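Keep the model open beside you and take the points one at a time.

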Amino acid sequence: MLRVFTDLLHFYKEYPVRCLVIEDEADTSRYICAGLREAGHDVTACDNGIDGMRLACGEEWDALILDRLLPGELDGLAIVARLRGLGRNTPVLVLSALSSVDERVRGLRSGGDDYLSKPFAIAELLARIEALLRRAAPVPDATQLQVADLVLDMRTMRVTRANRQIALQPREFRLLEYLMRHQGQSVTRAMLLEAVWDYHFDPQTNVIDVQVSRLRTKIDKEFSPPLIHTVRGVGYTLGVLDGG
């Protein structure tokens with residue numbers, strides 16, 4: 001886990017962002033803020049919906065992290081709905097102890113961009129924010145992706161490694177494309193589920209691990225160095241590791 005967190009720290013210190021944290025649980029707020037600040041972010045925190053709404057509307061933020069169940073009349077979902085009603089498109093990560101599918105759907109339909117159930121690891125929270133920022137940023141129109149001797153051509157849907165063609169199923173192609181577009185970054189299973197399977201919640205299956213294992217067999221088994229790596233406690237990363 002230390003290595004995972006170190007990798008994420010490197011990414012965030014290179015691309016610091018302004019984060020607003022709206023969380024009424026003092027320990028949880030300190031935990032989030034400490035992790036964000038350690039990652040090099042500029043963080044402001046408040047513990048209620050009224051102040052949170054005022055701050056969210058009064059300043060420009062790169063990301064909002066807010067609790068689903070806030071005290072008073074303005075809970076997390078009400079804040080998100082008002083922001084969207086005002087035309088604010090700031091990426092929002094909703095936190096909640098309510099982890100049912102219905103609650104996740106409510107959070108997303110209210111305007112939240114992602115939903116993270118409590119308790120959570122700070123490494124996953126940072127990875128979720130990273131994903132939100134990437135989705136909000138302009139995406140370059142790359143027709144060919146390359147990592148080491150692995151090449152993916154978007155026009156021909158052709159994948160080669162060491163000039164040898166590799167046959168992939170459509171889902172495997174999408175999975176590889178996502179990993180290659182985020183080479184060197186740790187991507188969570190939740191991020192893959194949303195990007196490749198169009199799930200906005202975890203269906204509690206091992207579909208990710210099965211598909212990555214199949215892809216790894218095709219991409220790495222007969223080649224060197226290995227490119228697809230497991231990041232313990234988080235998910236996966238694609239690239240040539242130091243010393244590889």
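**Notes on salt bridges and helix contacts**

1. Let us begin with R155, which is exposed at a relative accessible area of 62%; exposed means over 50%, buried under 20% and partly exposed in between, with a 1.4 Å probe and protein chains only. R155 forms a salt bridge with D153, and their closest N and O atoms are 3.5 Å apart. A salt bridge here is a side-chain nitrogen of Lys or Arg within 4 Å of a carboxyl oxygen of Asp or Glu. D153, for its part, is buried, with a relative accessible area of 10%.

2. A word on the basis of these notes: this is a predicted model, where local features need pLDDT of at least 70 and side-chain atom pairs count only at pLDDT 80 or more, while totals for chains, interfaces and linings use all residues. Residues are numbered from 1 along each chain as its sequence is written, and side-chain values use heavy atoms, with hydrogens and water left out.

3. How many salt bridges does the structure hold? The structure holds 18 salt bridges.

4. Helices (H or I, at least four residues) and strands (E, at least two) are DSSP runs, numbered from the N terminus. K118 is buried at 17% relative accessible area, and D67 is buried at 3%. Both residues also belong to a network of salt bridges that links E23, E25, D67 and K118.

5. Because R128 and E124 are four residues apart in α6, about one helical turn separates them. Is R128 buried or exposed? R128 counts as buried at 8% relative accessibility, whereas E124 counts as partly exposed at 24%.

6. R128 also takes part in a helix contact: A127, R128, A131, R134 and R135 in α6 meet A190, M191 and E194 in α8, contact meaning heavy atoms within 4.5 Å. These residues divide into four nonpolar, no polar and four charged (Ala, Val, Leu, Ile, Met, Phe, Trp, Tyr, Cys and Pro count as nonpolar, Asp, Glu, Lys and Arg as charged, and the others, Gly among them, as polar). The axes of α6 and α8 come within 9 Å and cross at roughly 30 degrees, so the two helices are roughly parallel to each other.

7. Helix α8 (residues 189-196) has a contact with α7 (residues 170-181) as well, where the axes come within 10 Å and cross at roughly 125 degrees. That makes α7 oblique to α8. On the α7 side the contact is made by R171, R174, L175, Y178 and L179, and on the α8 side by M191, L192, A195 and V196. By class, this contact has seven nonpolar, no polar and two charged residues.

8. Finally, find G233 in the loop between β11 (228-231) and β12 (235-238). G233 counts as exposed at 63% relative accessibility.

How values were computed. Axes are lines fitted to C-alpha atoms, for helices over the stretch in contact, and angles run from 0 to 180 degrees between N-to-C directions. Angles under 35 degrees count as roughly parallel, over 145 as roughly antiparallel, 65 to 115 as roughly perpendicular and the rest as oblique.
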